[in-house]
Amino acid sequence: MNQINRRKFIKLLGAAGVASTTSGLILPGGAIAGSKARVVVVGGGFGGATCACYLRRYDSSLDVTLIEPNNQFITCPFSNTVLAGIKSLDFITHNYDGLHKNYGVKIIHDTVISIDATAKNLKLKNGKTLKYDKLVVSPGISFNWDEIEGASEENSKIMPHAWKAGTQTTLLRKQLEAMKDGGKVIIAAPRKPFRAPPAPYERASLIAYYLKKTKPSSKILFVDSSGDSEELAMFRKGWEKLYKGMIEWVDGSEQGEIISADAKTLSLTGRTVGNLKGDIVNLIPPQRAGDIARVAGLTDKSGWCPVSQQNFASRLQKDIHVIGDACIADPMQKTGHSANTQGKICAAAIVTELSGGTMPDVTYNVSIYSLLNPKYALSSAGVYRLKNGKLKQVAGGLSAKKASRKTRLKEARFASGWYKGITMDTFGKT
Ligand SMILES: Cc1cc2nc3c(=O)[nH]c(=O)nc-3n(C[C@H](O)[C@H](O)[C@H](O)COP(=O)(O)OP(=O)(O)OC[C@H]3O[C@@H](n4cnc5c(N)ncnc54)[C@H](O)[C@@H]3O)c2cc1C
C-alpha cells in the first residue's frame, strides 16, 4: 500500500494543471490513498489514458486496467499537419509503454462489448468478463451516418471524414496528393456539438497551405453547419492574408445542413446550399458519444452522456464515470485538452471517494491551438469553475484580433510545445 498525504495530493493536482481552490480537508486523517480498489478505464485516448495514468499517480495501490483495442494511438491533434504534408503519421503516433512501465497501468488490448452496471462487470470481445469497483468510460465519438442519406462507414472510404486519425488521415492525404491542379476540395463540417469545433477551420487552412504550394489553381469549398462566429471571423481574416481567393466559406447552418451524399459522383446536397460537386469530398458527419456509451445506457436522447460536472459520475448509471468527447461538459469544448483535464479531475474524484474524502474545488484549464500555416497560429483558452454544480467560464478567450506576424509565429511555437507536453502527460512518458 502506498499512502500519500493531503499535501502531496494537492501538489499533484497542481502539477497536473488542475488547481485546487480549497483549503479544506480532503480526507479524515489526511490520508488519501490505499483503497486497493479495482478501477477499469475503457478507451485509451486523451481522456482514458490520462485518467488511468493519474489514478496510479494519485494512488499507486489502486489496481488500474486500461482497455483499448489498438496497440498505438494516433492523435487527431496535429493530424491536419499530416494532411498538409508538414508532419508524418509517425509524429502523431504514440504507444502505451509509458503508462505501463512508468505508472503500472495494466493494459488489455481489446474492445468492450457490454457493461453490466448492476453486476459491476464488463464483457470483452475475446469473451472474457472483467469486474470493477469503479469504471471510467472515455470512448470518444461515433458518427450519425443515418442523418445524411448516402453517407456510411463504407462510403467514407471514398469520401473520407478523417475525424478519427489513422487510415482515414492517410486516405485523405493520398487523395490530396493525387488531385490535379485546378481541382476542388469540399470540406463539409457538421453542426455542433462535435469533436474539436475549430479543427475544420484549421483543416481548411492547412489544406490551402498544401494546395498553394503544389496546386495553386485549386479551390476549397467549405460548407460549415456551425455557421458564423467570432472565432471563424479570425480565421477568415487569416485566409484573406494567406490564401486570398482560395477558400470559399458557405454558411451551412440552419436549413443549409448537408442531407445527402453521393459517393459515385462525389457530390453533396444541402437544403439551401444545393448540389455541390468536388474532386475530393471530406464529409465530416454529425456525431454522438462512442457506441459503447449507448450500449451501456450512459447516453440520453441527445446521444451524449449526462454527468456530474464535478466528478464526471454518470447521471444514469452508478459507479461509472464518463469523460472526454462522450460526456456533456459544456461550456468546455470537446477537445483533447478538455478530455485530458477531465481525466485528471475524474481520477482525483475517484481516489478521494474511494478513501472516504471530499473532492476539493478545482479549476478546469484548457487551450486549443490551430495552425493556419506552420508559422501562423490562433488559439483559444478557457478557465472554468463550478457554480451551483454547473461549469462556468471564468477566464480565457481567443487570440488577439490584431497581432503581428511575430505573435502568430509565437503561437505556432506554443502549439508545438503544447502538443509535446500533452502527449507526454497523456501517455505517461517521462
Ligand atoms: C482534425 C482534428 C484536430 C484536433 N485537434 C485538436 C487540438 O489541436 N487540440 C485538442 O485539444 N483537441 C483536438 N482535437 C480533438 C481531440 O482529438 C478529441 O477531443 C479527443 O481525442 C477526445 O478524447 P477522448 O478520450 O474523448 O476520445 P479519443 O481520444 O478518441 O479516445 C477514445 C478511445 O476509446 C477507444 N474505444 C472506443 N470504444 C471502445 C470500446 N468499446 N472498448 C475499448 N476501447 C474503446 C478508441 O479506440 C479510442 O482509442 C482534434 C480533433 C480532430 C478531429
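Author: What follows starts at the ligand and then moves to a helix, some loops and a strand.

The model is a predicted one. In it, 37 residues surround the ligand, and the closest are Gly47, Glu68, Arg195, Asp325 and His337. By kind, the residues of this shell divide into 17 nonpolar, 14 polar and six charged.

At Gly47, a backbone N or O atom lies 2.8 Å from an oxygen atom of the ligand. At Phe46, a backbone N or O atom is 3.2 Å from an oxygen atom of the ligand. Val112 also brings a backbone N or O atom to the ligand, in this case 3.0 Å from a nitrogen atom. Taken alone, the ligand exposes 1000 Å², and the protein buries 92% of that.

Which elements give two or more residues to the shell around the ligand? They are α2 (46-58), α3 (79-83), α6 (199-214), α9 (336-354) and β20 (364-373). The largest share, three residues, comes from α9. The shell can also be described by domain. Domain 1 (6-69 + 109-142 + 288-362) and domain 2 (145-286) both give residues to it, so the ligand lies between them.

α6 has 16 residues and reaches 22 Å from its first C-alpha to its last, close to the 22 Å expected at 1.5 Å a residue. Is α6 largely enclosed or largely open? Of its 16 residues, 13 are buried, so α6 is largely enclosed by the rest of the structure. In general, an α-helix has 3.6 residues a turn, so residues three or four places apart point the same way.

Pro193 lies in the loop between β11 (184-189) and α6. The peptide bond from Lys192 to Pro193 is cis, with omega near 0°. Pro331 is placed in the loop between β19 (320-322) and α9. Here the cis bond joins Asp330 and Pro331, and omega is about 15°. As a rule, most peptide bonds are trans, and most residues other than glycine have a negative phi.

Lys120 is in the loop between β6 (112-116) and β7 (121-124), and its phi is near 55°, a positive value in a residue other than glycine. Lys120 counts as partly exposed because its relative accessibility is 24%, and partly exposed covers the range between under 20% for buried and over 50% for exposed. Leu266 lies in the loop between β14 (258-262) and β15 (267-270). Leu266 is not a glycine either, yet its phi is positive, about 50°.

Asn144 sits in the loop between β10 (141-143) and α5 (167-178). Although Asn144 is in a loop, it counts as buried because its relative accessibility is 13%. Asn144 and Met424 are 280 residues apart in sequence, and their C-alpha atoms are 32 Å apart in space. Tyr384 belongs to strand β21 (residues 376-387). With a relative accessible area of 5%, Tyr384 is buried. Between the C-alpha atoms of Tyr384 and Val137 there are 22 Å, and the two residues are 247 residues apart along the chain.

Terms used. Residues are numbered from 1 along each chain as its sequence is written. This is a predicted model: local features need pLDDT of at least 70, side-chain atom pairs count only at pLDDT 80 or more; totals for chains, interfaces and linings use all residues. Side-chain values use heavy atoms; hydrogens and water are left out. A residue is near a molecule or strand if one of its heavy atoms lies within 4 Å of it. A polar contact is a pair of N or O atoms within 3.5 Å; within protein, one must be able to donate a hydrogen and the other to accept it, and residues adjacent in sequence count only if both atoms are side-chain atoms. Accessible areas come from the Shrake-Rupley method with a 1.4 Å probe; for residues, only the protein chains shown count as cover. Helices (H or I, at least four residues) and strands (E, at least two) are DSSP runs, numbered from the N terminus. Ala, Val, Leu, Ile, Met, Phe, Trp, Tyr, Cys and Pro count as nonpolar, Asp, Glu, Lys and Arg as charged, and the others, Gly among them, as polar. Domain bounds come from an automatic or database domain assignment. The expected span of a helix is 1.5 Å times one less than its number of residues. Buried means under 20% relative accessible area, exposed over 50%, partly exposed in between (1.4 Å probe, protein chains only).
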